[in-house]
Amino acid sequence: MQTLDPAKAPGSGSSGGTELAAIYDVLMRYDPITREYQPQLAQSLTPNEDSTVWTLALRPGVTFSDGSPVDSAAVKASIERTTGAGGLGGDVWKAKVASIETPDPVTVVFYLNDPWTGIQSSLSTKNGMIAAPAA
C-alpha cells in the first residue's frame, strides 16, 4: 500500500483496506456470522420501500481525532472526495447515486438512480471510510 488516503488507495481487504478501516473506521461493516451489514460509525442505514432512497443516521457525539464532529457534512464531503477520485468502485457509485443530501447534522440521505442494495457494501469499504475535513 503506497498511501493512507482512502480516496487514493484501492481499499479492499487484500490491498490495505483492513488497515485503512482501522484508521478511518467505516460507516457500515459486514458481520460474517449474521451475514448482514451492521452500522459502525452509522447508527442505522434504512432504505425506502424500493431501495432507491437510503437514509443513514450517524451516531451522535462522535468526533475525529482532531476534535471536529463526524457529522453529515463531513460524511458527504468525504464520500464525494473518495468517489470523485476514481478507482475501485467510483464508477459504480457515480452510476448508482444521483445525489446526497444532508438535512441535518446526523442524517445523510442517498438518492439513487435505481434500486441498489449494494450501497451497504460500498459504505463498508473505502467509500464508507470517513476522513476529517481538515485532513
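**How do we know? Names and cut-offs**

Author: Both Trp93 and Trp116 are buried. A quick word on the ground rules: this is a predicted model, where local features need pLDDT of at least 70, side-chain atom pairs count only at pLDDT 80 or more, and totals for chains, interfaces and linings use all residues. Residues are numbered from 1 along each chain as its sequence is written, and side-chain values use heavy atoms, with hydrogens and water left out.

Reader: Okay, why is Trp93 called buried?

Author: Look at the relative accessible area of Trp93, which is 4%. Buried means under 20% (exposed is over 50%, partly exposed is in between, with a 1.4 Å probe and protein chains only). So 4% puts Trp93 among the buried residues. Phe110 passes too, because its value is 0%.

Reader: What makes Ala135 exposed rather than buried?

Author: The relative accessible area of Ala135 is 84%, so it is exposed. Ala135 is found in the segment after α4 (119-122).

Reader: How do you know what counts as a helix or a strand?

Author: Both are DSSP runs, numbered from the N terminus: helices are H or I with at least four residues, strands are E with at least two. That gives the protein chain 4 helices and 6 strands. From the N terminus on, they run α-β-β-β-β-α-α-β-β-α.

Reader: What makes Trp93 and Phe110 an aromatic pair, and of which kind?

Author: A search of the whole structure finds 3 aromatic pairs. In the pair of Trp93 and Phe110, the ring centres are 5.8 Å apart and the planes are at 90°. Rings of Phe, Tyr and Trp (its six-membered ring) pair if their centres lie within 6.5 Å; planes under 30 degrees apart count as stacked, over 60 as edge-to-face and the rest as tilted. So 5.8 Å makes a pair, and 90° makes it edge-to-face. Trp93 sits in helix α3 (residues 90-96) and Phe110 in strand β6 (residues 107-112), so the pair ties together parts 17 residues apart in sequence.

Reader: And why is the pair of Trp93 and Trp116 given its name?

Author: Their ring centres are 6.0 Å apart and their planes stand at 75°, so this pair is edge-to-face. The pair links distant parts of the chain: Trp93 is in helix α3 and Trp116 in the loop between β6 and α4, 23 residues apart. Trp93, Phe110 and Trp116 form one aromatic cluster.

Reader: What makes a set of residues a nonpolar core?

Author: The members must be buried Ala, Val, Leu, Ile, Met, Phe, Trp, Tyr and Cys residues, joined through side-chain atoms within 4.5 Å. The largest core here has 24 residues, and Leu27, Leu56, Ile79, Trp93, Phe110 and Leu123 touch the most other members. At least two core residues come from each of β3 (42-47), β4 (53-58), α2 (72-84), β5 (97-104) and β6.

Reader: How do you know which residues Leu27 is in contact with?

Author: Contact means heavy atoms within 4.5 Å. Leaving aside neighbours within four places in sequence, the contacts of Leu27 include Pro39, Leu56, Ile79, Leu123 and Ile130.

Reader: Why is the link from Lys96 to Asp114 called a salt bridge?

Author: The closest N and O atoms of Lys96 and Asp114 are 3.1 Å apart. A salt bridge needs a side-chain nitrogen of Lys or Arg within 4 Å of a carboxyl oxygen of Asp or Glu, so this pair qualifies. Lys96 is in helix α3 and Asp114 in the loop between β6 and α4, 18 residues apart. The structure holds 1 salt bridge.

Reader: Are Lys96 and Asp114 buried, exposed or partly exposed?

Author: Partly exposed: Lys96 has 22% relative accessibility, and Asp114 has 30%.

Reader: What makes Ser51 stand out, and where is Ser51?

Author: Phi of Ser51 is near 60°, a positive value in a residue other than glycine. Ser51 lies in the loop between β3 and β4, and counts as buried because its relative accessibility is 14%. Not counting residues up to four places away in sequence, Ser51 touches Leu112, Asp114, Pro115, Trp116 and Thr117.

Reader: Which loop holds Arg35, and is Arg35 buried or exposed?

Author: Arg35 is in the loop between β1 (28-31) and β2 (36-39). Arg35 is exposed, because its relative accessible area is 67%. Arg35 also has a positive phi of about 60°, although it is not a glycine.
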